[in-house]
Amino acid sequence: MANYADFNLGIYFAGLEGDNPPPYPVTFAGLEAAARERLEHRLFDYVAGGAGDEHTQRGNVSAFERWGIVPRMLSGAAERDLSIELFGHRMPTPLLMSPIGVIGIMTDDEHGDLATAAASASSGVPMVASTLMQDPMEDVAAALGDTPGFFQLYTPNDREVAESFVRRAEAAGFAGIVVTLDTWTLGYRPRDLQHATFPQLRGYCLANYFSDPVFRSRLAVSPEEDPVAATMHWAATFGSPTLTWDDLAWLRGLTDLPLLLKGICHPDDVRRARDGGVDGIYCSNHGGRQAATAPALEMLPGVVDAADGMPVVFDSGPRSGPDIVKALALGATAVGIGRPYGYGAAIGGQAGIEFVLSCLLAEADLTMGLGGYASVADLTRDALVRLG
């Protein structure tokens, strides 16, 4: 059985053929620097930025640094099994690509959602496709091939539009619905405010709205005839500030697909969600972009305990293979990454995304092997030690 860490050997052997370094950076810092050079400066700041003084997103990263992985020797981990079970699907790895609402315009051809879906199809790493796409969800789902994908829903205040989105996602073949709860309005994002810009208000990544029959029925003229009016109507309907626990039954009733709630970080909220019939919890602070000072990794063990066996997806802060391993050891069923693959898309499109996924999986695989952990099931909290 091949290990994902064999990717490393491929790079070394390619180097024997002359001056042949890898095509893209192999570290997060390198990816970020390369993406800064490629992306328009306001778009880069939109992706790289966070809420408030950005202490929250820095805290997401430093939270991982406070854990060490305990090495175990003579454990027979020369071959590793990174596969997991998630909602009836056997996934080759525990990695997911978290939704990025501007991934569509982060590639040179401004079809980044399709590039991400194609990378998902080739790698087997599922994509969580954002409501905010540059291409309609049906086209993105078709590009996923045999890899299961999930549709992330920003619940609009027009419930008929929300229901239409979910029905379309079902018909397109998505394997689950991820409802984001922490973005009913935008967080305080100084970088975007300083630029006085927000991509969607300029009409970007609204293809799911502009192609939706219910949304279009609300307009006096089509988005093609008056895209500005359509965009302003989107702005008036985005988000649902009145959504409460009383609405969970409505959300649950929209679909028979697995339903996950994204943004859940408190054990009491986990229990209420579980009692309300959801199928999974998505523990996240939106990459530090929404509620300033909200923790994420620190909350994961309590979320996992309260979930009581229900799958828990985690994102917010993973930048490397060891980070993925640590989140799994703290109980996550699967681990989402965001900015790393987004930067890969910016510098290399589909190929850039695939390269970043290969790097992350190689490092995670190697971290497990050198640590003596042959499978994801071996990663328990006993595999970690607090540092400092």
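1. Strands β5 (residues 128-129) and β6 run parallel and are joined by 2 bridges; strands count as paired if DSSP finds at least two bridges between them. Within this pairing, Ala-129 lies opposite Phe-151 of β6. From β5 the chain passes through helix α6 (residues 137-143) to reach β6, in a right-handed β-α-β crossover. Right-handed here means that, with the strands pointing away from the viewer, the path from the first strand over the helix to the second runs clockwise. Helices (H or I, at least four residues) and strands (E, at least two) are DSSP runs, numbered from the N terminus.

2. The model is predicted: local features need pLDDT of at least 70, side-chain atom pairs count only at pLDDT 80 or more, and totals for chains, interfaces and linings use all residues. Residues are numbered from 1 along each chain as its sequence is written, and side-chain values use heavy atoms, with hydrogens and water left out.

3. Strand β6 (residues 150-154) is mostly covered, with 5 of its 5 residues buried (under 20% relative accessible area, 1.4 Å probe, protein chains only; exposed is over 50%, partly exposed in between). Phe-150, Gln-152 and Tyr-154 point one way from the strand, while Phe-151 and Leu-153 point the other way.

4. Strand β6 is also joined to β7 (residues 176-180), by 5 bridges and in parallel. Phe-150 stands opposite Gly-176 of β7. Together with helix α7 (residues 159-172), β6 and β7 form a right-handed β-α-β unit.

5. UniProt, in an unreviewed entry, lists residues 20-388 as "domain: FMN hydroxy acid dehydrogenase"; positions follow the numbering used here, feature names are shortened, and annotations may be inferred rather than shown by experiment. Over residues 20-388 the chain is 42% helix and 11% strand, with the end C-alpha atoms 40 Å apart.
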